[in-house]
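Hi there,

Here is the structure I promised to pass on.

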Amino acid sequence: MSPSTMLLRLLLLGLVTGSLWAVDAVGGQKGERFSVIDTEHLRIYVPRGQEEQLRPLAQRADQLFILMCTTARYQPRHRLRMIFDRRSGLHNGWSMQIPMPLVSIDLAAPPPESPLFAGPLHLERTLIHEFAHHISNDRNHGLRSWGERLFGRVLPDESLSLLVYLLTTPAHHTMPALWHEGLAQWAESAYLGPDTAWRGRGHDSLTHMIWRLDAADQAIPPVHTWRLGHVTWPYGQRAYDYGLAYMRHLIQATGVDPWRLVDDQARQKPFQFTDGSIATTGHDHGVLLEQARAALQRDQEAQIARLQAVPWQSGRRLSPADARLGIPAWLDDHRLMTAMNERHRKPRLTIIDRDGAVHRTRHAGHGSWPLRRVAHGAVVAHRLDHNLALSSVLHDSDGRRHHLGAVFHVDGRHSESGWTWVGLRHRPDGSQELVMARDHDPTGTAPHWQVLATDDQPWSPTLRPGHDQIVWIEASGTGARLVLGDGQGARRILLQLPARIIHPAWSPDGRHLYIASDLSGVANAYRVDVDDGSMTPLTHTLGGVIACIPSPDGRHLAIVDHDRQGPFVAIIPADLPALPPLPRLTLDFPATHGLALPPAPEPDHQTAARPYRGLAALRLRYWTPTTMVVPEGGLGLSAVAMDPLLTHHIQAGIGLGPYEDSEIGRCAWSYHGWPLHLAAIVQRSERNHIDQRYLPMGGGRVDYREIVDEATVRIGYGLTGLERRWFAYLSATMAEHSALTDTLTVGPRPVFEGRTQTLGLHLGYDHRTLFADGFAMNDGLAGSLHLRHSGFGGALDRDQAFATLQYALPVWRAGGHQVVVGAQLGWSDGDEILQQSFTIGGPRRSGYPRGYGSEWDTGPYFAGYGLAYRLPLARPFRGIGTSPLVNRQIFADIFYEGGRLWKDRLFGDRGVWGPSRWFRSYGVMIHSEWDFNGLRLQPAIGVVQQVDGPGKANVVWQLGLDF
């Protein structure tokens with residue numbers, strides 16, 4: 001056995017034993033430990049230490065799952081894996097089918113002004129939504145079913161695996177997003193039943209508001225855009241809003257059970273959506289979609305006619321169009337501050353004056369939660385860290401920030417004894433509690449919060465001016481109530497409605513409350529008399545008012561209304577004439593089941609939770625033929641194994657090399673159960689080095705094919721490239737190089753054979769933003785640094801450093817134009833071999849410039865720069881056929897680039913073959929950008945003119961695949 005073979009086998013043994021030790025140490029993801037709760041039909045992973053709090057939710061989820069399976073005629077083959085977690089301050093849920101079925105729920109509750117709001121039923125609503133995705137997408141029939149049993153559910157990354165994916169994946173995955181989301185939102189209404197105020201988005205006033213605003217302008221989108229799965233500003237994905245409208249029409253017009261349609265769709269060929277409804281309804285989806293659009297227009301026009309019985313009363317837009325914003329707060333100078341996210345800007349705290357002038361501050365702000373004005377000109381806002389953990393921040397009048405802790409919906413008051421605060425705090429089980437802190441100094445430690453007694457789900461506490469009292473909202477299954485209390489247990493219900501109550505705000509004298517409510521079917525502002533609980537409507541709008549906040553002097557009201565350009569801030573007089581009772585709309589949505597939500601099961605504590613062990617849950621997920629056995633290429637087989645929480649990920653491949661058909665293979669493992677990630681790779685690859693260089697004295701060529709046996713270990717963060725903001729890791733590699741063919745040596749560069757050892761440090765940062773209609777990462781900075789020490793035995797050592805920096809600057813945000821500036825520097829010292837040189841040109845170029853396809857130069861020191869102007873040429877954002885494939889846009893990249901190599905030092909005089917000189921090029925690339933269920937593809941072709949060297953004009957192309 002050779003030393004190199006023994007080394008590789010020892011590293012492989014260390015890889016396996018290291019994974020066993022790591023799993024025994026922790027069992028979770030990103031350093032968080034998890035436990036496993038098994039129910040009859042589910043296996044649920046919950047944070048360690050929260051098993052008892054989440055056990056009732058696990059049993060409730062099992063109850064809802066089997067209810068839906070029974071009515072959908074779906075037979076689970078094994079336990080569905082789920083994740084319950086509350087690290088995020090945002091509520092969300094998602095369902096995954098490839099490469100394995102998995103449902104994840106972020107437990108935090110959505111606020112009342114959100115379309116996702118469902119009071120204390122928010123978890124039931126989201127469970128129903130995600131179970132509907134799973135039950136529909138988990139159906140496979142015929143040959144595809146046999147293929148799935150053979151290969152598993154393949155996640156494609158090249159042509160052969162893509163072919164297997166299309167032949168084995170359930171056809172439902174290739175249906176447009178409007179079908180998936182319409183079905184899941186229908187299920188919210190069908191299974192939540194008629195006995196609750198929160199019957200899913202089909203009955204929600206904010207969903208009907210979007211339809212109404214579009215219909216009022218005769219602007220309901222054409223049906224070919226309903227399938228679009230990307231964000232369409234400002235109301236999100238049309239697939240949600242209009243997929244729901246389509247499902248509504250299907251049930252009203254045909255009375256068909258949607259689960260029957262699901263099974264018919266699952267029997268179609270991939271991408272063949274339109275014909276799936278013919279057997280059930282007698283019409284294809286194309287005809288039914290057009291009918292649904294016309295029916296929606298008629299329905300909304302009838303609703304608008306009812307609303308016009310009372311004159312409109314709202315305010316003039318002050319904030320920019322196409323912006324999302326949170327509920328604002330008044331400043332002492334009678335301006336408004338809000339958290340605003342514009343279409344082409346990052347979220348910021350923004351000040352708006354009464355003339356509509358906008359001043360964007362440097363402070364980040366998140367509009368999902370309201371701002372509150374507190375004493376001395378201070379404002380409380382909310383922030384999310386990079387893990388989406390939520391906390392509150394006090395911005396005082398001097399521009400300083402004070403952190404108040406992991407609380408939200410905070411209000412405060414200052415007195416001689418200090419600060420008094422009220423707010424909400426998340427519990428581990430997804431519920432929340434009302435908390436208070438007294439006599440607190442915000443410049444010191446975080447407040448000491450005490451829990452106050454409430455019923456149901458508390459929201460939006462606020463302190464009453466001139467009184468030692470608090471008012472808050474309580475959401476129950478039947479609606480919402482407004483409660484007045486003193487923090488000591490006394491409470492009085494001021495108002496109870498079968499609808500939302502949003503963001504109560506006190507008048508300066510403490511006699512009245514201003515709220516928003518969708519009691520009439522349209523959200524409007526109301527004044528509530530504290531003494532008798534009477535409500536007076538203050539607005540009558542076509543859109544929806546979700547907040548009404550009186551100014552410090554009580555003379556004006558700031559409202560947040562909506563139009564087709566999104567939410568906006570307006571200021572109206574506080575003494576507007578009284579309105580008559582507002583017309584009431586019926587927000588009907590048919591539900592073929594109409595089941596009443598069953599009562600929650602009695603807690604069952606007999607089944608003990610157990611610690612999660614990633615290795616015990618590791619399973620082979622799929623295998624597939626591939627042309628990428630190793631990253632360098634090769635024809636063979638590839639397989640992937642992972643556990644449900646992705647603490648372990650193993651990829652293995654075996655096959656023949658792409659050049660000399662040598663045996664090649666790879667085994668790569670990564671572990672993410674600690675804050676520091678681990679990875680190890682053992683592989684044999686076949687490589688081809690064809691070095692065609694442009695030399696002042698004539699051309700040269702080295703054609704060298706080799707086998708490389710190597711083993712690499714890595715430790716750090718972001719090893720798989722899934723972390724966008726930053727990565728940092730150390731790597732160590734040992735490799736054995738063996739020649740496959742005869743070699744031709746040119747100049748001073750001998751071909752290397754033998755053993756190498758390499759140590760590396762890799763750092764990167766990416767703070768760019770991708771706008772909804774952008775074609776590249778916009779508006780931000782990205783950079784990386786790679787340091788490497790390579791030892792080749794004896795004195796044959798080499799050190800390298802390579803740094804990149806890029807900044808994307810929008811110059812016309814609305815038009816999508818941007819300037820991109822980039823720079824690269826490379827330094828290398830030590831033994832020079834072909835595989836370790838910096839290169840200009842050819843397929844293995846180090847960086848800038850493009851366009852030198854067959855002319856090469858190599859050297860130990862490198863610098864490059866690039867300047868590009870990018871602009872869209874066409875923006876169809878159009879779905880292709882009935883598939884989820886969307887042609888987003890065509891854009892041009894006009895660039896000028898340069899690169900230079902030195903032999904003696906950076907920015908010196910000597911080149912490798914004579915005096916150092918620049919290689920420069922300019923040209924244009926035309927990119928066509930496509931989207932398929934989140935997968936982005938940007939194939940491009942262009943012409944590049946060389947400025948130096950032979951001065952050729954070359955045609956270049958790229959696939960531009962981005963997972």
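**Salt bridges and a strand with its partners**

D588 is partly exposed, with a relative accessible area of 34%; here partly exposed covers the range between buried, under 20%, and exposed, over 50%, using a 1.4 Å probe and protein chains only. Before going further, please note that this is a predicted model, in which local features need pLDDT of at least 70 and side-chain atom pairs count only at pLDDT 80 or more, while totals for chains, interfaces and linings use all residues. Residues are numbered from 1 along each chain as its sequence is written, and side-chain values use heavy atoms, with hydrogens and water left out.

Back to D588: its salt-bridge partner is R248, with the closest N and O atoms 3.2 Å apart. A salt bridge here means a side-chain nitrogen of Lys or Arg within 4 Å of a carboxyl oxygen of Asp or Glu. R248 sits in helix α8 (residues 238-254) and D588 in the loop between β30 (566-573) and β31 (610-611), so this pair ties together parts that are 340 residues apart in sequence. Helices (H or I, at least four residues) and strands (E, at least two) are DSSP runs, numbered from the N terminus.

By the same rule, the count comes to 42 salt bridges. Another of them joins R139 and D263, whose closest N and O atoms are 3.2 Å apart. Because R139 lies in the loop between α3 (122-137) and α4 (142-151) and D263 in helix α9 (residues 258-266), this pair ties together parts that are 124 residues apart in sequence. Both R139 and D263 are buried.

E433 and R425 form a salt bridge too, with 3.0 Å between the closest N and O atoms. E433 is buried, with a relative accessible area of 11%, whereas R425 is partly exposed at 24%. Elsewhere, salt bridges that share partners link D455, D456, E474, R481 and R491 into one network.

Now for strand β47 (residues 885-902): 14 of its 18 residues are buried, so the strand is largely enclosed by the rest of the structure. Strands count as paired if DSSP finds at least two bridges between them. β47 runs antiparallel to strand β45 (residues 861-874), joined by 13 bridges, and A868 stands opposite F895 in β47. With strand β48 (residues 918-932), β47 pairs in the antiparallel sense over 15 bridges. Strand β46 (residues 878-879) also pairs with β47 in the antiparallel sense, over two bridges.

Which residue in β48 is the bridge partner of N887? That is W930, while R878 has N887 in β47 as its bridge partner.

Best wishes
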